[in-house]
Amino acid sequence: AARKEDRKAEAKAREAAAAQTKVARSAEAEIARLTTRRDEIDRALFDPAAALPADRGRTASDLMQERGRTETALGTAEAVWLEASAALEG
C-alpha cells in the first residue's frame with residue numbers, strides 16, 4: 001500500500017513539474033516576443049527610416065505609449081517565468 005501511495009505522489013509531482021515547465025516555456029516565448037517588439041519600437045523611434053511599415057506612420061507619442069505597455073507586459077512575463085522556474089527548482 002505504501003508503494004502505491006509513493007507512486008501516486010511521484011506521478012503527481014511529475015504532473016506539477018510538467019505544468020510548471022509549460023508555464024515557464026510559455027513565459028519564455030512571451031518574453032522573446034515582447035523583447036522583439038520593444039526593439040522594433042526603439043528602431044522606429046530612433047531610426048524612422050528603418051522602422052517596420054506598420055510603425056512608419058505612427059507618432060513618437062504613440063510609439064512611446066506602446067513601448068510602456070510592452071515594458072509592463074515584459075515585466076509581468078518575467079515575473080511569471082521567475083515564479084515557474086523557482087517552483088521547478090523547489
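Trainee: What makes α1 roughly antiparallel to α3?

Mentor: In this predicted model, helix α1 (residues 2–46) and helix α3 (residues 60–89) pack at an angle of about 160°, with their axes 8 Å apart. Angles under 35 degrees count as roughly parallel, over 145 as roughly antiparallel, 65 to 115 as roughly perpendicular and the rest as oblique, so α1 is roughly antiparallel to α3. The axes are lines fitted to C-alpha atoms, for helices over the stretch in contact, and angles run from 0 to 180 degrees between N-to-C directions.

Trainee: Which hand does the crossing of α1 and α3 have?

Mentor: The crossing of α1 and α3 is left-handed; that term applies if the near helix is turned anticlockwise from the far one by less than a right angle, and right-handed applies if clockwise.

Trainee: How many nonpolar, polar and charged residues are in the contact of α1 with α3?

Mentor: The contact of α1 with α3 has 20 nonpolar, 4 polar and 9 charged residues. Ala, Val, Leu, Ile, Met, Phe, Trp, Tyr, Cys and Pro count as nonpolar, Asp, Glu, Lys and Arg as charged, and the others, Gly among them, as polar.

Trainee: Why does Ala84 count as buried?

Mentor: Buried means under 20% relative accessible area, exposed over 50%, partly exposed in between (1.4 Å probe, protein chains only). Ala84 has 1% relative accessibility, so Ala84 counts as buried. Ala84 is found in helix α3 and touches Gln20, Val23 and Ala24, not counting residues up to four places away in sequence. Contact here means heavy atoms within 4.5 Å.

Trainee: Why does Thr76 count as partly exposed?

Mentor: Thr76 also lies in helix α3, but its relative accessibility is 48%, so Thr76 counts as partly exposed.

Trainee: Which residues of α3 are buried, and what do they pack against?

Mentor: The buried residues of α3 are Leu63, Glu66, Thr70, Leu74, Ala77, Ala84 and Ser85, and they pack against α1 and α2 (53–56).

Trainee: Where do the numbering and the cut-offs come from?

Mentor: Residues are numbered from 1 along each chain as its sequence is written. Local features need pLDDT of at least 70, side-chain atom pairs count only at pLDDT 80 or more, totals for chains, interfaces and linings use all residues, and side-chain values use heavy atoms, with hydrogens and water left out.

Notes
Helices (H or I, at least four residues) and strands (E, at least two) are DSSP runs, numbered from the N terminus.
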